[in-house]
Amino acid sequence: VVSDLLQATSLTYGWFLQCCGRLRVPEMVRDAHIERAFRLCCADGLVTDFVVKRLIGAASEDLYDSLMEPSLCATRKLKGRISRSLLPPEWTRRTGGSKWRD
């Protein structure tokens, strides 16, 4: 999110992903918005367990697998319970330790 007055947080991205997942639009349209939001979240360094859980609930299995590191594709079955240490450090650089339940 680009603004001089507002900044997105991990909660902003997580709730947006959840909303996208609930849209009744063609899967291609929904997945495009989910992918863009998750990639922005990664670029902003705001991926938390909350964001990953919302991504799991919103994204198709194929989209989730394409967005996550290959070693993390199985985390969908773990319902988002992944360790911060498994994610690329740049994805979590602005999250601090308190937003993770390792």
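In H1, Ser10, Tyr13, Gly14, Leu17, Gln18 and Cys20 are buried. They cover an arc of only 160° around the axis, which puts them on the same side of H1. Buried means under 20% relative accessible area, exposed means over 50%, and partly exposed lies in between (1.4 Å probe, protein chains only). The arc is that of the directions from the helix axis to the C-beta atoms. This is a predicted model, where local features need pLDDT of at least 70 and side-chain atom pairs count only at pLDDT 80 or more, while totals for chains, interfaces and linings use all residues. Residues are numbered from 1 along each chain as its sequence is written, and side-chain values use heavy atoms, with hydrogens and water left out.

**Overall build**

- The protein chain has five helices and zero strands. Helices (H or I, at least four residues) and strands (E, at least two) are DSSP runs, numbered from the N terminus.
- Of the 102 residues in the protein chain, 41% are buried.
- The accessible surface of the protein chain is about 6,500 Å². Carbon and sulfur atoms hold 55% of this surface. Areas come from the Shrake-Rupley method with a 1.4 Å probe; for residues, only the protein chains shown count as cover.
- Among contacts with a separation of 6 or more, 58% are between residues 24 or more positions apart. Contact means heavy atoms within 4.5 Å.

**More on helix H1 (10-22)**

- At 1.5 Å a residue, the 13 residues of H1 should span 18 Å, and the end C-alpha atoms are 19 Å apart, which agrees. The expected span is 1.5 Å times one less than the number of residues.
- Threonine 9 caps the N-terminal end of H1. One of its side-chain oxygens lies 3.2 Å from the backbone nitrogen of leucine 11.
- H2 and H3 are included in what covers the buried residues of H1.

**Helix H2 (27-44)**

- H2 has 18 residues and reaches 25 Å from its first C-alpha to its last, close to the expected 26 Å.
- Its buried residues are Arg30, Asp31, Ile34, Ala37, Phe38, Cys41 and Cys42. They fall within an arc of 140° seen down the axis, so they line one face of H2.
- These buried residues pack against H1, H3, H4 and helix H5 (89-92).
- Met28 and Arg36 are exposed, on the face of H2 turned away from its buried side.
- Glutamate 35 also lies in H2. With a relative accessible area of 28%, glutamate 35 is partly exposed. Beyond its neighbours within four places in sequence, glutamate 35 contacts Leu63 and Leu67.
- Just after H2, glycine 45 takes a positive phi of about 70°.

**The nonpolar core**

- The largest nonpolar core has 24 residues. Ile34, Phe38, Val47, Leu55, Tyr64, Met68 and Trp91 touch the most other members. Helices H1, H2, H3 (49-58) and H4 (61-67) each give two or more residues to this core.
- A nonpolar core is a set of buried Ala, Val, Leu, Ile, Met, Phe, Trp, Tyr and Cys residues joined through side-chain atoms within 4.5 Å.
- In soluble globular proteins, nonpolar side chains tend to be buried together.
- Apart from neighbours within four places in sequence, isoleucine 34 contacts Leu17, Cys20, Gly21, Leu55, Ala58, Ala59 and Leu63.

**Serine 60**

- Serine 60 lies in the loop between H3 and H4. At 19% relative accessibility, serine 60 counts as buried.

Notes: A polar contact is a pair of N or O atoms within 3.5 Å; within protein, one must be able to donate a hydrogen and the other to accept it, and residues adjacent in sequence count only if both atoms are side-chain atoms.
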